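Work through the exercises below with the model in view. Try each task before you read its solution.

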Amino acid sequence: AIALLRADHKKVNDLFEQFKKTRSAAKKKQIVSQICLELTVHAQIEEEIFYPEVQAALKDKELVPEARVEHQSIKDLIAAVEGVEPGGEDYDAKVKVMSEWVKHHVKEEQNEMFPKAKKSGLDMAELGERILQRKQELMAQEQAKH
């Protein structure tokens, strides 16, 4: 499960790096569209599958609620840039702030939540299978929308 979530984190980070180097508005829009898709699906699988399991296993009252709130802030920024024509300082600023929030969120998950989850006795292989299956469903649904 953790390997899958880490791979998602890396993919999104790479997309943010591509965005920074891109000058073309059309290319920016395409990269942002991909970032929004990846983050939306990733957040949903974490919230539906990973977080409830981790929260129950750790009897956690802090890590998971904080992560959920961070997801909401990121979703608000997704709503502000998704499908919007790139242009003006605000567009780039919103994407930059989104990338900073995502980096912070990823760091907390990878440094705090993941190590604790690993030690919790959760079946990570089984959890990974559920995550992968749900991710494939959600990706198919999202792509059908566009």
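**Exercise 1. Find what share of the chain is buried.**
Step 1: take the cut-off, where buried means under 20% relative accessible area, exposed over 50% and partly exposed in between (1.4 Å probe, protein chains only).
Step 2: apply it; 41% of the 146 residues of the chain count as buried.

Two notes on the source. This is a predicted model, where local features need pLDDT of at least 70, side-chain atom pairs count only at pLDDT 80 or more, and totals for chains, interfaces and linings use all residues. Residues are numbered from 1 along each chain as its sequence is written, and side-chain values use heavy atoms, with hydrogens and water left out.

**Exercise 2. Describe how α1 packs against α2.**
Step 1: the angle is about 160°, and the axes lie 10 Å apart; α2 covers residues 25-58. Axes are lines fitted to C-alpha atoms, for helices over the stretch in contact, and angles run from 0 to 180 degrees between N-to-C directions.
Step 2: α1 is therefore roughly antiparallel to α2, a label for angles over 145 degrees.
Step 3: among the residues in this contact are Asp8 of α1 and His42 of α2.

Technical notes
Helix = DSSP H or I, 4+ residues; strand = E, 2+ residues; numbered from the N terminus. Parallel < 35°, antiparallel > 145°, perpendicular 65-115°, else oblique. Contact = heavy atoms within 4.5 Å.
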